[in-house]
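Please consult the sequence and the structure as you read.

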Amino acid sequence: MRSRVPLAVTTSGKPEDSLVARAREAARAWGLPFIPRRKKQPIGPLLESTAEAFITFEREGVSLWDKEGSFSFNPGMAHLRRLRILSGQEGDDALVRVAELRAGDHFLDCTLGLGQDALVAALVAGPSGRVVGLEKSLALYAVVSEGLAAYDYGPESCRVEPVHVDADAYLRSLPSGSFDVVFFDPMFEKPRKSQPAFEMLRRFAEHAPLTSETLAEARRVARRWVVVKGSKYSDDLKKLGIEAEPGSRYTSVIWGRVPAASSG
Ligand SMILES: C[S@@+](CC[C@H](N)C(=O)[O-])C[C@H]1O[C@@H](n2cnc3c(N)ncnc32)[C@H](O)[C@@H]1O
């Protein structure tokens with residue numbers, strides 16, 4: 001039996017020529033094989049024979065498929081958080097509060113994931129600000145960067161600029177003091193049961209924990225803080241010597257904040 005490639009690009013089973021052209025171009029840019037799909041050809045057999053996972057271009061957007069299921073970009077919770085901020089309740093958002101985010105901020109999200117925190121930062125940073133989101137997993141980067149490109153940001157927000165890169169390598173390439181806030185939301189050490197989109201994220205994500213060397217680079221690059229999100233049920237923050245900020249008793253998420261290397 002021929003071995004399958006880990007990841008490839010295809011289209012829906014009813015592709016228009018323009019969609020095929022977009023998918024081919026994206027496959028070339030991402031360095032992935034493009035597998036043409038015949039009219040009405042189901043994806044199941046292709047997942048058995050050709051690739052372990054597919055990035056699929058459909059009229060409605062771009063999604064990621066494997067044998068367990070599919071995932072497409074969904075601003076869901078970020079949209080609700082953005083609505084709350086637009087109605088003046090930004091103090092309720094833990095990211096905004098802990099990072100002390102404000103208009104004009106340059107925010108570096110080192111763990112873009114589903115792009116939810118980055119979208120919130122983009123609204124608070126506003127049109128004069130900047131948000132760059134780094135993602136190491138090519139599959140997640142492909143789906144989320146296409147979703148973010150089609151997202152309607154509105155006039156109050158800057159756009160999120162996604163980059164497919166390892167955060168440590170990117171930080172090392174930056175001059176000191178390049179971003180007001182550098183943010184990490186690494187995969188938790190101990191997985192908890194979560195929504196299907198997060199299960200898919202978990203299968204494709206980079207799982208290596210944040211190291212003290214990368215944290216030191218982030219402190220060099222930050223002008224104000226490095227903010228780290230963690231879980232109450234893991235000691236990832238403690239291992240880095242980061243004290244959790246006081247927060248709600250009712251959530252499993254904890255937040256830590258470390259001053260920039262240049263501060264004080
Ligand atoms: C828990 S998710 C982040 C979720 C995100 N905060 C959101 O709001 O959707 C962690 C993400 O960071 C990515 N990641 C982990 N280590 C990375 C690294 N060294 N460089 C870039 N991305 C990384 C993972 O692949 C995963 O997509």
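Ser-231 has Val-253 in β10 as its bridge partner. Residues are numbered from 1 along each chain as its sequence is written. The model is predicted: local features need pLDDT of at least 70, side-chain atom pairs count only at pLDDT 80 or more, and totals for chains, interfaces and linings use all residues.

Q: In which sense do β9 and β10 pair?
A: Strands are DSSP runs (E, at least two residues), and helices are H or I runs of at least four, numbered from the N terminus. Two strands pair if DSSP finds at least two bridges between them. Seven bridges link β9 to strand β10 (residues 253–259), and the sense is antiparallel.

Q: Which residue in β9 stands opposite Phe-184?
A: Strand β8 (residues 179–184) runs parallel to β9, joined by five bridges. Opposite Phe-184 stands Val-228.

Q: How many of the ten residues of β9 are buried?
A: A residue counts as buried with 20 or more other C-beta atoms within 10 Å of its own, as exposed with 12 or fewer, and as partly exposed in between, C-beta atoms being placed from the backbone. Strand β9 (residues 222–231) is mostly covered, and its buried residues number eight.

Q: Which are the edge strands of the open sheet?
A: Six strands form the sheet, with mixed pairing, in the order β7-β6-β5-β8-β9-β10. Those that pair on one side only are β7 (160–164) and β10.
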